[in-house]
Each structure stands twice: as structure tokens, then as C-alpha cells.
Amino acid sequence: MATRPSTPPPLTGGAGPKGRLPRWARWAVFGGALVVVAGIGLPAGLGLALVVLFTAVLGTLALFVLSRAVEGRRTAKDRLVTCVVVSAFALAMLPLVSLVYEVVSRGIARLDAEFFNSSMVGIVGEGGGAYHAILGTLIITGLTALISVPIGLLAAIYLVEYGTGRLKQAITFLVDVMTGIPSIVAGLFAYALFAIFFGPGVRMGIAGAVALAVLMTPVVVRSAEEVLKLVPNELREAAYALGVPKWRTVVRIVLPTAIAGLATAVTLAVARVIGETAPLLVTVGITNATNLNQFDGRMATLPVFAYYQLTQPGVPPEFAIDRAWTAALVLIILVMTLNLVARLISRFFAPTTGR
């Protein structure tokens, strides 16, 4: 007589699901943790940062215990890991949010027309602006791009399309080393180079552009190299099969296909160097007047302008400190604009892949 197979024993140890917490449970748990920590910690003198930290820890532990009792061990572990990941993300975003809030709140007061259309000539206390520094930043950054972009793109094309053997390995190694060079070292190099020809104490915009080019070129090379590697080899092989020379294949096939990525790489490289301060302190210096000649005399730039306004504010100091915060805000706006331009270029100018 056949016997019916026995049913498997149920899972034990809390491994199987028991129930399900409502969606509002996590918010209720963390809200309760916030009430408890704030009620105990604020009278005891805990700062806001510690209150948030203890709330996250207490809320995570409470949610884990509650989920373990209601939903089982596996779901409780999943909720625990989720809380840890979200807390780590919030912890990483906290300095960025705090920085943006601090700069905007302190710099918005002087973000007026006078700040953008006047320099510091004859200004001792209140008033003045960063017109000369904004122009100096744009001129030096543009000159840096003129130096770095051709060198970086040609080096990347060589590494991807032509380079072989030890020469390619040597160039790649040097580019990697240059990527980690401290910015002050680039400034000292440019200063020593121009001091050979113009004597000690030389200060001019072109020296600052050369210093920034030392920092920007390896970024362009590495970014452009990765973009060029993304171009499908089938496109190159199809061109070679039609008898197209290699140089024409690179110019007419590879570069147009990668143009969106290359433009994005260049834009992000410019955003990388536009806020550098140490090289410009050494090579360009500061001036209160507007100097548009990058080959003669000192020039003002936004990072150096903010540095001197903060470290040498004069009497009374509050007006200079306000100008420093506004200069920092303008720098952040410029960097954000460049990153937005890079995103738009990558989105609208990328080649279509559909048939």
C-alpha cells in the first residue's frame, strides 16, 4: 500500500516570514527615536549633529528588534542593512548640504550688481566687488583649456589608437603620476620655469595658466582615453575594410562618435581646475585693479580674491569677509554650471544607436 509523502517540517529559527510591518512603521520608529533622543539629549547639551546620530542609531536598533519580532530574522536583517546604507548615504551627503547651506547663507548678502561690475580699487571697507577677479578667472581658465585640451586629446588618441609597447606604458605611468601631483607643486614648477626667463618675483597670468595646465592635462588624457575606448571596434574595422586610412578613420569616425563624451570630459576637467588656489597664489598673485593682459603683471582670480579677503580683511573685517563668502558662492555657481553643461552635452549630443 502506497503511503503519502510526509510534508517537510516548517522552518525554524525565525527564518520564514511571520507578518508584515505597515509602511508607516519605520517613520513611526524613527520619529519616536527622535523624540526620545531630543527629550534627553537637548536638555543635556547635545548638539544637533549628535542628536541626529543617536536618533539614527536608536531608530535602526529599534526597527531591527521590532522587525525581528514581527517579520522574522531575514526581513529584520534586510531592514538593518537598508538602514545602515541609507544612514551612510545621509552621512556622506551631510557635509555637502552643510557646505552649500553655509556658503549660500553667508554669500547671498553681497550677490548684487556692485559685486559683478566693480573692482577693489580705492575700496577700504564697505563696497567693492570682484569684477576684476571674475575676468581674471575666466581668462586664465580659458588659456589653460587652450593649452591642455589639444595636448590631452592628442595624447589620448595616441594611447588608444596608435600606442604600443614601452612608450605607451611610460606615458600611461607618467599621466597617472601627474594626476596625483599636489597643486602647490604645479605652482612651484610654473614659477621656477618663468623665473628662469623673467627673473625671481615674476607674476603673470600665463604662469598661472601653465600651472593649471599641469593639473588639467592628465585629467583630460585619462577621461578622453576612457571615452575613446568606448567607441565600438566594429566602426573602425568597417572603415578599414573600405580602405579608409587610419588617420582618416580617427578623424571622421572615432572622434565624431565620441564627441559628446570628449566634450563632457573637457568640461569636467575645466571644472576641476577653475577653483584651484595654491598655484595661482604662487604664480599670479593678487591685485585690486583690472588687468586683462595675461602676459604682463599680476592678475586677480576668484579663489585668490576670496583667500586674501578672508585672511587680510582689514578694519572693519566684516565687509571683506562678506566679499570672500560671495566669491566662494560665485565659484560654486561656476562649477555647478560647468557640470550642468557637461550633463547637457552628454545627453543631447550623444550619438544615437537605434536603427
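Predicted model: local features only at pLDDT ≥ 70, side-chain atom pairs only at ≥ 80, totals over all residues.
User: How do you know that domain 1 and domain 2 are in contact?

Analyst: Contact means heavy atoms within 4.5 Å, and by that criterion 7 residues of domain 1 are in contact with 5 residues of domain 2. Buried area, which is the accessible area (1.4 Å probe) that two parts lose on being put together, summed over both, comes to about 560 Å² here, with carbon and sulfur atoms giving 80%. On the domain 1 side, Val-103, Arg-106 and Gly-107 lose the most area to domain 2, together 75% of what that side buries.

User: Why is the pair Glu-102 and Arg-106 called a salt bridge?

Analyst: A salt bridge is a side-chain nitrogen of Lys or Arg within 4 Å of a carboxyl oxygen of Asp or Glu; the side chains of Glu-102 and Arg-106 meet at 2.5 Å, N to O, so the pair qualifies. The two residues are 4 apart in helix H3 and therefore separated by about one helical turn, a helix being a DSSP run (H or I, at least four residues) numbered from the N terminus. The structure holds 9 salt bridges, whereas the count between domain 1 and domain 2 is 0.

User: What makes one space a pocket and another a cavity?

Analyst: On a 1 Å grid over the protein atoms alone, a cavity is a set of points where a 1.4 Å probe fits but cannot get out, and a pocket is an open set with protein on both sides within 12 Å along at least five of seven lines; lining residues have an atom within 4 Å of a point. The largest pocket has a volume of about 810 Å³, and of the 25 residues that line it, the closest to its centre are Phe-30, Ala-56, Cys-83, Val-86 and Ser-87. H3 gives the most to this lining, with 12 residues. The search for cavities of 30 Å³ or more finds 1, and the largest cavity is lined by residues including Thr-137, Ile-140 and Thr-141.

Notes: Residues numbered from 1 in each chain as written. Heavy atoms only, no water. Points joined across faces, edges and corners; volume = space filled by probe spheres on them.
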